[in-house]
Amino acid sequence: MSRTKAVSFGELARFLSELGFHEKRTTTAQVLEHPKEGMLVFRLYKSDERVDEGDLVSTRKFLDYRGVLAARDFDAFLHRATTPA
Amino acid sequence: MKNILRKRRTREHVIADLSVNFVERQALLCGYTVERIVHDYGIDLEIFVFNQRGEIQEGKILVQLKATARVRIEPGKRFFSFRVARSDLVLWLAQPMPVALIVYDAARDLAYWLYVQNYFAKRKNFNLFAAGKQVAVHIPVQQTVNPKAMRKLARFRKRVLEQMRDEIHEQD
């Protein structure tokens with residue numbers, strides 16, 4: 001991931017739900033849980049809030065290593081999400 | 001032609017790079033990986049845990065690094081004091097995954113760590129909203145950063161995930 005992209009948490013959560021993750025909320029975190037691959041944990045974001053660079057880095061890495069989505073495909077999502085139509 | 005100022009590499013730059021190198025090495029010795037976070041304010045590194053089969057584990061350890069020429073430790077003391085910005089604390093305490101404040105001592109080539117959320121959870125009378133711009137934390141001198149400490153932080157990460165999983169499944 002060469003540079004930070006401005007993606008909202010709502011966009012990221014929608015994208016992850018398309019990959020089979022279910023969004024849940026605890027008192028301290030927003031969790032996207034995959035039935036087989038486990039949890040991605042985020043701080044409490046507002047839906048339109050920009051996702052921190054660190055959370056994009058960890059999401060990309062987890063999806064890639066777990067074989068859910070190749071890193072280049074995650075980068076393509078970031079590119080689409082941040083490119084005006 | 002436009003004049004461009006020459007840049008200089010200062011001692012601070014050298015110490016900062018050494019601190020990153022030091023922490024990365026301790027994590028790598030455990031088989032973990034480290035990502036440098038360039039643009040986020042308040043977090044410098046993310047550490048990812050892998051099991052013995054080389055499979056990535058859930059969650060992460062967040063690191064804020066403070067590099068110093070030499071940490072002042074008074075003889076006979078079990079802790080040293082270190083000041084952090086309240087604005088940093090606000091960010092760290094909002095993180096669900098463990099945040100480790102790591103202070104690197106360049107003269108001794110070693111570093112000390114503090115599990116931030118755990119430390120403030122134990123300070124019963126601490127009020128973040130009443131705190132000044134700087135907050136002093138007391139870091140135990142025996143908490144040096146090494147592979148054993150990395151594995152300990154990884155266990156804290158696991159405990160946080162277990163608590164989260166319990167909370168989620170109670171909702172189901």
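This is a predicted model: local features need pLDDT of at least 70, side-chain atom pairs count only at pLDDT 80 or more; totals for chains, interfaces and linings use all residues.
A:His22 stands opposite A:Glu33, which belongs to β2(A).

Now widen the selection to the two strands. β1, residues 22-25 of chain A, runs antiparallel to β2(A), and four bridges pair them. Look at the turn too: β1(A) and β2(A) make a hairpin, with four residues between them.

How many bridges pair β2(A) with β3(A)? There are five, again in the antiparallel sense. To see one bridge, pick A:His34, whose partner in β3(A) is A:Gly38. Another hairpin links β2(A) to β3(A), this one through three residues. While you have the strands on screen, here's a handy general point: in a regular strand, side chains alternate between the two faces of the sheet.

Time to show both chains. Here, 20 residues of chain A are in contact with 21 residues of chain B. α2(A) gives the largest share, seven residues. Colour that side of chain A by class and you get seven nonpolar, six polar and seven charged residues.

Last stop: B:Asp109. Find it in the loop between β5 (99-105) and β6 (110-115) of chain B. Its phi is positive, about 50 degrees, although B:Asp109 is not a glycine. Most residues other than glycine have a negative phi. Is B:Asp109 buried or exposed? It counts as exposed, because it has 10 C-beta neighbours inside 10 Å.

How values were computed:
Residues are numbered from 1 along each chain as its sequence is written. Chains are lettered from A and ligands numbered from 1 in the order in which they are written. Two residues are in contact if their C-beta atoms, placed from the backbone, lie within 7 Å. Ala, Val, Leu, Ile, Met, Phe, Trp, Tyr, Cys and Pro count as nonpolar, Asp, Glu, Lys and Arg as charged, and the others, Gly among them, as polar. A residue is buried if 20 or more other C-beta atoms lie within 10 Å of its own, exposed if 12 or fewer, and partly exposed in between; C-beta atoms are placed from the backbone. Two strands pair if DSSP finds at least two bridges between them.
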